[in-house]
Amino acid sequence: MDSLPDAIVQYILSHLSNARDVAACNCVSKRWRESLTYLRSLYFPRNSFDSRPGSYSSDTVVWKMLSATACLEELVVYSPFTSAGLASWLSLVHSSLKDLELRMDNVMDYQACLDSPSKLDCIAAAKKLKSLKLWGVLMANPPKWDVFENLLCLEIVGARLEDPALSAALGACPNLTNLVLLGCEGVRSVSIELPYLEHCKLDFYGSGNCSLSLTCPQIELLEVQGCSWIRVRETSCLRNLSIANNAGRVYMVDFGKLSALESLSMRGVQWCWDAISKMLEWSNEVKHLYMKVEFTGDLEALLPFPEVDFVEFFNSHPKLQKFDIHGAMFAALCQKNSLKNVEPGFVIPCLEEVVVQVRSPLNAEQKMNTLESLLKYGKNLKKMVIRILQMKSSHSSTDEFFDEICRLKFMNRKIVRIE
């Protein structure tokens, strides 16, 4: 590198980001040290200061490195820091900083949340941010943020949030296009009104009884976990939708017409049947449908799904290409009357792939009829995967059912696979 022009050396070294690598290069020569000015990104891993010699604090070391840069655009800090340290860093780089990612480590420290300014409050200095990612944050009080006009992406992972604090934080980010809240605890009711939001992933940890109201006319992708009441009225752009509740029940869903929906996933232990039937009715244009709901029932009682007519279901979803069917929905399609009214000329026109999970030999004849009907009427079917899970029974019907599935595979070896 000694033979390269200064500009080339500066360009090469400007692509370093790990703080330890930068520090090592800083010691090579004056020429290399001067290249630190041109760094665009700095990343401080969790263990950055585990073996740090000297008397400088970690806050001071980060400050010294940042002070040597002229136009830093990205700062990622996973190592421990204080609110005073963060404030001093952002005072140096706020004019050029676009992407900020911080491991806050105060999710259990309520006193740190009361400090003034708190770590959250300090972020307000970086007014030109386009992306903000926070890990392990306690947001008990509304952060003292002005409006982040340029912020397009907000991610909060592993957090304890109070409803007013979350509402205030979202209100300070009116132009978001991407919102991610993962592993967030303490939220009871969420209302999101963001006119430009396109991608939204929400994962609320706890009892699963959160309510969500979302008004985002540009939303294209929505993933929700942990909500019992969901209202999303403007859905003309929504193409991918996933609703899950592993801890609680899904009582109510209220969507506009899902005319653009291509992929729908419904997961959970228990959904009210009204919620399931509405989602299936609204999503008649869907191409990929994933259903893994074990029970229905409006209250505490866990009930099986009512019978679902095979022909009516597929006639209502003519564009369906991939169908992942697990649990109670498969049993509902396998009821004895489901295949009694097959009209001449009936076909499943677009279905190409089916994944079925089978866990019980009960109603084996109806289940085999349903599997055979998928093969018979799915004229474009290229792949059927039958997953046999936890089928524990000493009854001879278990072996007979498994033999029938193996026979089906043998007769359709190019399409059927058993897992």
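**View 1. Strand 9 and strand 11 run side by side in parallel.** Strand 9 (residues 199-205) and strand 11 (residues 221-225) are parallel and are joined by five bridges. Strands here are DSSP runs of E with at least two residues, helices are runs of H or I with at least four, and both are numbered from the N terminus. Two strands pair if DSSP finds at least two bridges between them. This is a predicted model, in which local features need pLDDT of at least 70 and side-chain atom pairs count only at pLDDT 80 or more, while totals for chains, interfaces and linings use all residues. Residues are numbered from 1 along each chain as its sequence is written, and side-chain values use heavy atoms, with hydrogens and water left out.

View 2. Look for Val224, whose bridge partner in strand 13 is Ile243. Of the five residues in strand 11, four are buried (under 20% relative accessible area, with exposed meaning over 50% and partly exposed in between, for a 1.4 Å probe and protein chains only).

**View 3. A closer look at strand 8 shows its pairing with strand 10.** Five bridges join strand 8 to strand 10 (residues 210-215), and the two run parallel. Val190 stands opposite Leu212 in strand 10. Ser191 also belongs to strand 8, and its relative accessibility of 45% makes it partly exposed. The C-alpha atoms of Ser191 and Thr215 are 8.0 Å apart, although 24 residues separate the two along the chain.

**View 4. Glu294 and Arg359 meet in a salt bridge.** The N to O distance is 2.7 Å (a salt bridge is a side-chain nitrogen of Lys or Arg within 4 Å of a carboxyl oxygen of Asp or Glu). The partners are 65 residues apart: Glu294 is in strand 16 (residues 288-295), and Arg359 is in the loop between strand 18 (353-358) and helix 12 (364-377). Glu294 counts as buried because its relative accessibility is 18%, whereas Arg359, at 37%, is partly exposed.

**View 5. Lys322 and Glu353 link two strands.** Their side chains form a salt bridge of 3.8 Å, N to O. Glu353 lies in strand 18 and Lys322 in strand 17 (residues 322-327), so this pair ties together parts 31 residues apart in sequence. Lys322 is partly exposed, with a relative accessibility of 28%.

**View 6. Glu372 and Arg407 connect two helices.** In this salt bridge the closest N and O atoms are 3.0 Å apart. Glu372 is in helix 12 and Arg407 in helix 13 (residues 396-411), 35 residues apart. Both ends are partly exposed: Glu372 has a relative accessibility of 31%, and Arg407 has 35%.
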